[in-house]
Amino acid sequence: MLTKITDKLKKFWEKQQGKNTYRRSVTRSAGGDVGIYIILGIVACIMVLPMVYAIASSLKPLDELWVFPPRFFVVNPTLKNFTDLFRLMGDSWVPFSRYIFNTVFISVVGTFGNVILSSYAAYAIAKIKFPGRKFLFNVIVYSLMFNATVTGITNFITMSLLGWVDTYFAIIVPAFCTTLGLYLMKQFMETSVSDAVLESARLEGASENKIFWKIAMPMVKPAWITLIIFSFSGLWNSGANMYIYSEQLKTFNYAIGQIVSSGIARAGVGAAAQVVMMVVPITVFIITQSNVIQTMSTSGMKD
Amino acid sequence: MPREKAIIRTDISKFKWTLIEMKKNWVGYAMILPFFLLFFIFTVIPVVLSVILSFTTFNLLEWPQFIAMDNYIRLFLDDDIFLLAIKNTLIFAAITGPGSYLLSLFFAWFINELRPKIRAIVTLLFYAPSISGSIYLIWQIFFSSDQYGFVNAWGIKLNLIAKPILWFQDEKYIFGLIIAVALWTSLGTSFLAFIAGFQVVNMELYEAGAVDGVKNRWQELWFITLPSMRPQMMLGAILAITASFGFGGIIDALVGFPSPEYCAHTIMHHLGDYGGMRFEMGYASAIATLLFFMMIGANLLVTKILRKVGS
């Protein structure tokens, strides 16, 4: 039995070695490898420390939250904090479920609009040779150089004029035109959708709209999956918004901030809420990771 | 396009040629219209408007009054807190910008040495903080000033400190701590771009490099990997610089607004103070305009330098 396993392991390592023959032997020293593993291990621990602590705290019964000196890990795990969280959802002034609904609604609608609009624009810029497309793409690149802080104040005027202050529109519609998505999509379309295929479809008389949906979009699946995760995690994590006053329109992340900052009395419930909050984008990323990496490989900025 | 141009332009003017091309490809304009219409309304107009409003005094109720450079004069000569905000913003950006860039680059490089399955897991561990919402508030608990703070508790236990330190209230520590937390959340999109960039470097280049006498991984990184990753590095730089000006939300959440003695007051906070609370829109617009040019300027400067380094 044991020899079987060691045999298998040996074969596995040989295979691995074979794959990396050149890189192992010439430029990689064993000492360097070990050093890198150690650094990665230590920093990875620091990176996940708050997440692990949030999960541990969310499982702690009340007496363990109050213990001194503070204890990092949980001894007698319980799901009470989660049930408390869901009970709290029922009977707070603004029902907690409302915050969750807001976050889900904003994230889903905002992401959908953003993916559709930026994919359309990216396709046109990458594959239809209309005059002015290079200029427009340069504008997009410049727009990556500043963030929404700059436009926030004057957008308040725009929002007032449109009558959108204190409505969902104020959060959702600006999210439709996030430029990083368009940038990534355009770069990916340029390299992975072949012009020859598009040309032949055009010769057969297919409309650009049809080509976009039937040919281009299926070919850039990794890119729109990437747009979904970026747009979704951004919106999902959106907190207080300067255009929103009503408590009923505020987001889950905002509500968590209130719970967490209300002190140690709610520490357990707060941690449970944070766990619920982080699980969603992390799960989405786990599912989509390979697509995201594939998209990012074309993301570079050529001069 | 240039080839077509050469043929056609002998017959008709450039203007006419453009018109014909526009007509032929009208679908393109229809497809970009929804996005660019919204982009124009929510990004272009606000920038232009804030430049215009920065020369006025405007309270949202009365029509703006033109006051020439008065807002800018007031900012630089009469507003000590703004000068502090500029200083803090620049120091903050100068540390978190390059810091997050180098962290993303080096950890992506280290992670690239791992086998694919482990690589995916470690990538997730490093990327998770940037998509985990308000998890960074946990650092507040670790550095909590009461006896439940881990750092104080362990510090006292190990005799490193004599009494609890008020980490997030003491000016001495606030700045360092928020930079650390900002860096912790900063392995985001550019990090993923680097992870991907390392994976698509042409393997033959490495082999050729080994023949040409590349001896260790550092030489390989410097002579082969980085030059072929230049496009990713440009994008990463832009994203890192832009993000480095935008950590105000983290500061608010960790130390509150205003921060003690304004020690972590940034331009973003000043902007929110005048625009969002006092409704001095003209003055706020002047701040926004300056911030805009600072961000664009920093980005253009750095990308220009990066281009030089690469060639």
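1. Confidence. Chain B has a mean pLDDT of 87, and 96% of its residues reach 70 or more. Within chain B, confidence is lowest in helix α1 (residues 2-8), where the mean is 51. It is highest in helix α3 (residues 26-53) of chain B, at 94. Where pLDDT is low, the predicted coordinates should not be read in detail.

2. Polar links across the interface. Between chain A and chain B there are 19 residue pairs in polar contact, both residues being at pLDDT 80 or more.

3. The nonpolar core. The largest nonpolar core has 189 residues, and those with the most contacts inside it are Phe36(B), Phe126(B) and Phe191(B). Residues up to four places away in sequence aside, Phe36(B) touches residues of chain A, namely Ala121(A), Ile125(A), Leu136(A), Ile140(A) and Leu182(A).

4. A buried serine. Ser104(B) lies in helix α5 (residues 80-112) of chain B. Ser104(B) counts as buried because its relative accessible area is 0%, which is under 20%. Leaving aside neighbours within four places in sequence, Ser104(B) is in contact with residues including Ser186(B), Ser190(B) and Phe191(B). Phe191(B) was named above among the residues with the most contacts inside the largest nonpolar core.

5. Salt bridges around Arg202(A). The structure holds 11 salt bridges over all chains. Side chains of opposite charge can pair when their charged atoms come close. Arg202(A) forms a salt bridge with Glu199(A), with the closest N and O atoms 3.1 Å apart. Both residues lie in helix α11 of chain A, three residues apart, about one turn of the helix. Arg202(A) also forms a salt bridge with Glu208(A), at 2.7 Å between the closest N and O atoms. Glu199(A) is partly exposed at 41% relative accessibility, and Arg202(A) is partly exposed at 23%, whereas Glu208(A) is buried at 14%.

6. A salt bridge in chain B. Lys24(B) and Glu21(B) form a salt bridge whose closest N and O atoms are 3.1 Å apart. The two residues are separated by about one helical turn because they are three residues apart in helix α2 (residues 14-24) of chain B. Lys24(B) is exposed at 54% relative accessibility, but Glu21(B) is buried at 7%. Elsewhere, salt bridges that share partners join Asp33(A), Glu113(B) and Arg217(B) into one network.

7. Positive phi values. Leu60(B) is not a glycine, yet has a positive phi of about 80°. Leu60(B) sits in the loop between β1 (56-57) and β2 (65-66) of chain B and is partly exposed, at 28%. Ala68(B) likewise has a positive phi, near 50°. Ala68(B) is placed in the loop between β2 and α4 (70-78) of chain B, and is partly exposed at 31%.

Technical notes. Residues numbered from 1 in each chain as written. Chains lettered and ligands numbered in written order. Heavy atoms only, no water. Core = buried A, V, L, I, M, F, W, Y, C linked by side-chain atoms within 4.5 Å. Buried < 20%, exposed > 50% of the residue type's maximum accessible area, 1.4 Å probe, protein only. Contact = heavy atoms within 4.5 Å. pLDDT = per-residue confidence, 0-100. Helix = DSSP H or I, 4+ residues; strand = E, 2+ residues; numbered from the N terminus. Polar contact = N/O pair within 3.5 Å; in protein donor to acceptor, adjacent residues only side chain to side chain. Salt bridge = Lys/Arg side-chain N within 4 Å of Asp/Glu carboxyl O.
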